[in-house]
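Please look at the structure below before reading on. The explanation that follows leads through it in steps.

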Amino acid sequence: SQASFEEDSQKQPAVGRWKTLMPSKGSREESETGCQDAGGVDETQSTEQLNVSRLRSSSVEIREKGSEFLKEELHKAQKELKLKDKECERLSKVREQLEQELEELTASLFEEAHKMVREANTKQAASEKQLREARGKIDMLQAEVTALKTLVITSTPSSPNRELHPQLQSPSKAVFRKGHGRNKSTSSAMVSAASQNVTPEPVSHECKEVDSILFAEFQAWKESPTLDKSCSFLDRIYREDVGPCLDFTKQELSELVRVAVEQNTLTIEPVASQTLPVVKVSAEECGGPKKCALSGLARTCKHRIMLGDSGNYYYISPSCRARITAVCNFFTYIRYIQQGLVRQDVELMYWEVMRLRREMSLAKLGFYPSEM
C-alpha cells in the first residue's frame, strides 16, 4: 500500500505548487473516467425517462382500450334496451287487442242473453195463450161429453131417444133435420142436458166499441211505452183499476204488495195440502191457512206470497189471489209491449188491455174462478 501511495504521489503533482500547461497522462485518464461516469449517469437518466414514457404510453393505451370496451358495452346495452322497448310495445299492443276482443265478446254475450230472454218471453206468452185456448176447448168438449153421456144413458131399446136416432122421426120432421146433423144433435144434447139439471153457460155475443179518449191515451203511450205512472194512460188505470184492486184491509201490507207488483218481485206459490208441524220453515209466515193476511178474515188460504227476498210468507185467500193475479197479468202484458215482444195491431193490443182491465174490475168486485 505504501508503494502504491508513493507511485500515486509521483504521478500526481502537488496542489498549489505549479500549474501544468499540458495534462499529463494521469489527468487524461481521470478526465476520461469522469466523462465515462457522466455518460453513465446520462444513460441511466435516459433509461428512466424511456421507462416513464413507456409507462405513460402503456397507461394511455390501457385507458383507450378501456374506453373502447366501455363504449362497446354501452352500445350493447342500448341495443338490448331498444329490443326490450320494442317487446314492451308489442306486448302492450297484444294486451290492448285482447282487451278489445274481451269487450266485444262480453257485449256479444250480453246481446245473446237479451235475445234469449226476449225469445223466452215470446214463447212463454205464446204458450200461455195456447194454454188458455186449450183450456177453453177442453171445457167445451167436457160439456159436450157430459151432455152426450146424459143422452146415451136416457136412450134404451124400449124407449129410444129420437134425438139420437133421426131415422125414427116422422118424415115431416126429418126434412128439417137435413144438413148439419151432428151440430143439431150436439145442440139437442145440450138441451137434453139442460133438462137433466145440467145448466150450460149462456152464450153471449157481446158488442165492442172503441172509446176514443181511452184509445187516444193508449196510442200516445204506445209511441213511447214506459212504466212511469205519471202518463195519462197509466195514471187512469192506477186510479180506476190498480189502486182499488190492491186496496186491502191491511193498508201497510197492501202498499208493500203494490210496490212488489210494480217491481216484479212478488212470488205466489201454493200451500201444501198437508202441513207437517214438525218441519220448521226457514222464512217467517204471516197469517195462516185459515186466515188471510191481507183481508184479516177467516178464509181457507190455498196460496201464499213472498215480497222480494224478505223471506216472509203471507197467506192469502182465493179472492185476494185473484186480485193480485189480475194486476200482475196487466203489468206483464204492458212490459211485453214496452220490450217490443208484442207484434200485433194497435187496436188488438188496446182490446187486450181492456180485457185485462175488465179482469181487474171483476176481481176487485169479488168475482174469481172457482179453481182459485
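The paragraphs below treat a pair of helices and then the cysteines of this predicted model.

Helix α6 covers residues 232–245, and helix α8 covers residues 318–338. Their axes lie 9 Å apart, and the two helices pack at an angle of about 155 degrees. Because an angle over 145 degrees counts as roughly antiparallel, α6 and α8 are described as roughly antiparallel to each other.

The contact between them can be followed residue by residue. From α6, the residues L234, I237, Y238, V242, P244 and C245 take part, and they meet R323, V327, F330, F331 and I334 of α8. Of the residues in this contact, 10 are nonpolar, one is charged and none is polar.

Helix α8 itself has 21 residues, and 15 of them are buried. At 1.5 Å a residue, α8 should span 30 Å, and this agrees with the 30 Å between its end C-alpha atoms. Just after α8, G340 takes a positive phi of about 75 degrees.

The cysteines come next. A disulfide is a covalent bond between the sulfur atoms of two cysteines. The structure holds zero disulfides. For C245, the closest cysteine sulfur belongs to C328 and is 9.7 Å away, which is too far for a bond. C301 is likewise in no disulfide, and the nearest cysteine sulfur, that of C292, is 5.2 Å away. C245 is buried, at 0% relative accessibility, and C301 is buried with a relative accessible area of 5%.

Notes
Residues numbered from 1 in each chain as written. Predicted model: local features only at pLDDT ≥ 70, side-chain atom pairs only at ≥ 80, totals over all residues. Heavy atoms only, no water. Disulfide = S-S within 2.5 Å. Buried < 20%, exposed > 50% of the residue type's maximum accessible area, 1.4 Å probe, protein only. Axes fitted to C-alpha atoms, helices over the stretch in contact; angles between N-to-C directions. Helix = DSSP H or I, 4+ residues; strand = E, 2+ residues; numbered from the N terminus. Parallel < 35°, antiparallel > 145°, perpendicular 65-115°, else oblique. Contact = heavy atoms within 4.5 Å. Nonpolar A, V, L, I, M, F, W, Y, C, P; charged D, E, K, R; others polar. Expected span 1.5 Å × (residues − 1).
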